[in-house]
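This briefing sets out the domains, the sheet, the chain contact and a helix packing for the model shown below. Please read it alongside the coordinates.

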Amino acid sequence: MGERITVENVGKVYGSGSRALDDVSLEIDPGVVLVLLGPSGSGKTTLLRSLAGIERISEGRLSIGSTVVADGRVHVPPERRDLSMVFQDYALWPHLTARDNVAFALKRRGLPAAERQVKALAMLDRVGLGRLGGRYPSELSGGEQQRVALARALVADTGLVLCDEPLSNLDADLRERMRIEISSLVRQAEATTVYITHDQAEAFALADRVGVLERGRLVQFGTPEEIYAAPASPFVARFTGLAGELAVRVRVRPAGGGLLEVEAATRSAVRPVAARPGAELTDGDDALLCIRPTAVRLSATDADDHHLVGTVADVAFRGRGYEHAVVLDEGTQISGIFSDVRIERGRSVGLRLEAPGCLVFSGSAAGMVPTAAADPPGPLAPPVAERPKLLSAS
Amino acid sequence: MATLVGRVPRPAALPAIRALSARGARLGRPALWLVIVLLILAPSACFLVLAFSPRLFSQGSQWFTLTFFRQVLTGTTAVALLNSVWVSLAAAAIGVVVGFPIAWLTHRTDLPARRLVAGAMWFVLLLPSWLPAIGWQRLVQPDGVMYRVGLDWPWVTHLVMGPFGVVLLLGLRAVPFSYLAVSAALTGLGQEFEDAARVHGAGRLGALRLVAPILAPAITSSIAIGFAESVSDFGVASTLAYASHFPLATYQLYEYIGGFPPNFPGAAAIGWLLVASVAVPLAIQARALRGRSYAVLSGRTRPVVRRQLTRPAKAAALGFVGLFYTAALGVPGFGAVSSSLLADFGASLKLTFTNYDQVFRSSGLAGPLERSLVYGAITASLTVVGGFVFAKMLAGARSASTRMLDFLLLAAVALPSVVFAAGYIFAYNLPALSAVGINLYQTVTLLVIGYVASSLPTNARVLVGAVSQVQRSLHEAARAHGSGSLRAWFRAVFPVLSKPLTMAWLLTFCGILLELPISSLLYAPGSPPLSVAIQDNLGNYHFGTGMAQAVVAVGFALVAVAVVLGGYRLLAPKGWRRLGGWTRG
């Protein structure tokens, strides 16, 4: 049975003076799968390693169940926290066979060696590797090594399983299959799971709860649906997938249903857009409109239902249909626009924006990226690992 | 369009160039094999076969006999062989016992000055074994520095000038090999393995116990290499061990050849036993590791957390490391420098620069230094080119021929230098070669060929790591963007390899400058290289002059390192300097 995890005002400052965690608080119910999401350097690995006991926290308190495992005075060593972990590089001991690697995790249970071997083999069977128990890690493929690491983490039936980006070294196909396996195995084990990733699609697919970290601070905590529908800031919105951003001005007349009307500061704007406020906004405020890919529809320029006009810059076949990138007058790009039909490059199109996926934030919160043009896909885009993947529009 | 038309004739010329280069490639490979056969295989094979069949080359009456093996397995030679084996085992053990902790301290703790400790290890590795040996020897010999300063300690003399001293010197020599093997393993052993053990229930000690076997291959390698290096060593055998009347196999082989008449079949029998003693541990090590790769390196291995040593632990660790460097460099360095400042005869302690004055004024003393500098430069230049060609072959597609080349070069690296040189003496003195007009015996040319042939396998193996990392696309990209093959190589590939090639040149140059076994056996009469001249001076009781020559030689080697590395820093384009490290690969 999973343990309740309590993180209270945790901070971590490294010897070099750099702050990795800043006043992080959260509570995870037993058996819940929590995914910590954030870019490189956001502190997610530090938080995970602090839970494991590999890192010492500088401030705050960590509890597993009713036991305080770390605070200003206490630091329970990793081996006494009764947890298990899947490492990013799997960390399989190369001189032990797959079976021995898994059996090692049972030593803490005080079982006789023969029983450990039997249980290890049974666990390897569960992950589909029963026949390969006698092989050394170097004789296994990446996916098989990953499964051994998962078996090692689950075999001892610990109350807390930690996963440090375990899918990051796998190719796309294997990644998806392993994601499903991890999801079902940790839920079968009923263990509380803390999983870290920088891939928001992986996070949303796996999580019961998502915690988004930015520069050491927990900036949002909730269900995947809550975070997608109501991101707390432009950072969270960007990190969980945007088609584009537009500088806008809030108009006097609210659109009703809790929505605001905003006017885009672009010559491509045809009519005001109804949007959901992400912050306190008043008439005339400069603001930022964050547009989810799911909120954009293509329409003909002579139709009267579109809010923006632009030119198709790129079209990509995605199997189920086509994703278009449209450039507005002054170069702002709206991308990931799904359509069943292919619109050729260079064609003028209208863009209809749907209110549930249009989020408006105050100008000050939006200060980091004034328009989507600052973060176009292509040569000027940040490295792939840093850039949030766009969620599929359909 | 006009430009395109203007370039039309060029593709027409290409087939001819391609055909020529293809022919060159077809001829080049057999030519390289011919070089390997003539320079490396044939001389050693001709020599070693004498142990069984002396009549084959008119060295006896039997077509097949084991007499010479029986001969060398009795009397003094048997004692020497036995000595070589047990002394080498002890030296390998010292290598691991000292090298492992130093590697761990420099890689896993916050030991002060650990960069200096790591850098100095290279100095110990590159110093030929005879130099520290004569440094120690001149310190403790009955008329040595120790007695001249009034320390009348005969027990120290007996201790150092005997089996203990020989084991100590060879053991100190084995330390860098252990250090490097264990360092490489520790570098690849990320922190995760310990973390994983702790997270899954192992205490601090349990985690260490779990992780330690991952280093087993490195420790096995250390023992094998330490043993192989010690058993094939000629430097300590011909200096400290010889002066201590403690016979070792390599020096016995030298005496078999140097005696009158020379006993080549007997020397060949010793050669076989030496080759076996080097090959057996290396083969056992390779077999033990087969199928159990402990390769743990990955691109994302987490950097280790250095253990913070307490103040007493730091002091103890520094004391241990300091003791090693004192024995490996400090004592012999002091012995060499101090005895070079003393007059040769008498018991006075008056310091003088007479010996240095003689080295620089007397052409007979400066000559060997100049000679060795020239030999070193020629050998290093030829070897780097040849080594690169071999490395390129090894780094190419795996075929039966590259596997064979790989094996031969590895075997040649393991072949003791003294056996290699003995093969040259014998093969190039054969009447058959004279009959076809090859008269290289006792010439400088043969000495340089011997240097090149002995350095080539090591150089190829050093360069293969770097060469195999150069992607073919670098060259292809330059070709695709308009450079000819040769220009493409110099513009796109050479800059990437310039550091490893420079380093290989430097390593060979320094090695040849102070090389002893091949020099002793192959030097042309009247033109002794530096190491032989120093040994002659010491043998003729000109201790001060000999030691002054040795000190000056080490000084020149250091200056050469500074000039080459400094020159590279100053002259190489900035982009070249930013590529890679100074170490191989």
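Into which domains is chain B divided? Chain B has domain 1 (68–344) and domain 2 (353–585), with bounds that come from an automatic or database domain assignment. The model is predicted: local features need pLDDT of at least 70, side-chain atom pairs count only at pLDDT 80 or more, and totals for chains, interfaces and linings use all residues. Residues are numbered from 1 along each chain as its sequence is written, while chains are lettered from A and ligands numbered from 1 in the order in which they are written.

**Domains of chain B**

- The centres of domain 1 of chain B and domain 2 of chain B, taken over C-alpha atoms, are separated by 24 Å.
- Between these domains, 30 residues of domain 1 of chain B are in contact with 28 residues of domain 2 of chain B (two residues are in contact if their C-beta atoms, placed from the backbone, lie within 7 Å).
- On the domain 1 side, at least two residues each are supplied by helix H6 (130–140), helix H13 (235–243), helix H14 (249–258), helix H15 (264–289) and helix H16 (311–340) of chain B; helices (H or I, at least four residues) and strands (E, at least two) are DSSP runs, numbered from the N terminus.
- H15(B) gives the most to the side of domain 1 of chain B that touches domain 2 of chain B, namely eight residues.
- By class, that side of domain 1 of chain B has 21 nonpolar, seven polar and two charged residues (Ala, Val, Leu, Ile, Met, Phe, Trp, Tyr, Cys and Pro count as nonpolar, Asp, Glu, Lys and Arg as charged, and the others, Gly among them, as polar).

**Helix packing in chain B**

- Helix H4 (residues 75–108) of chain B packs with H16(B) at an angle of about 130°, and their axes are 11 Å apart; axes are lines fitted to C-alpha atoms, for helices over the stretch in contact, and angles run from 0 to 180 degrees between N-to-C directions.
- H4(B) and H16(B) are therefore oblique to each other (angles under 35 degrees count as roughly parallel, over 145 as roughly antiparallel, 65 to 115 as roughly perpendicular and the rest as oblique).
- The residues making this contact are Val98(B), Pro101(B), Ile102(B) and Leu105(B) of H4(B), together with Ala317(B), Phe320(B), Val321(B) and Phe324(B) of H16(B).
- The contact of H4(B) with H16(B) has eight nonpolar, no polar and no charged residues.

**Domains of chain A**

- Chain A is divided into domain 1 (5–229) and domain 2 (234–374), whose C-alpha centres lie 38 Å apart.
- Nine residues of domain 1 of chain A are in contact with five residues of domain 2 of chain A.
- Strand E9 (209–214), E10 and helix H7 (224–229) of chain A are the elements that give two or more residues to the domain 1 side.

**Sheet of chain A**

- An open sheet of six strands in chain A has the order E6-E7-E8-E3-E9-E10, with mixed pairing (two strands pair if DSSP finds at least two bridges between them).
- Strand E6 (83–86) and strand E10 (217–222) of chain A stand at the edges with a single partner strand each, so one side of each is left without a neighbour in the sheet.
- From one strand to the next, the twist averages 20°.
- Strand E7 (residues 160–164) and strand E8 (residues 192–197) of chain A run parallel and are joined by five bridges.
- Cys163(A) has Tyr195(A) as its bridge partner in E8(A).

**Contact between the chains**

- Chain A contributes 22 residues and chain B 21 residues to the contact.
- E6(A) gives the most to the side of chain A that touches chain B, with three residues.
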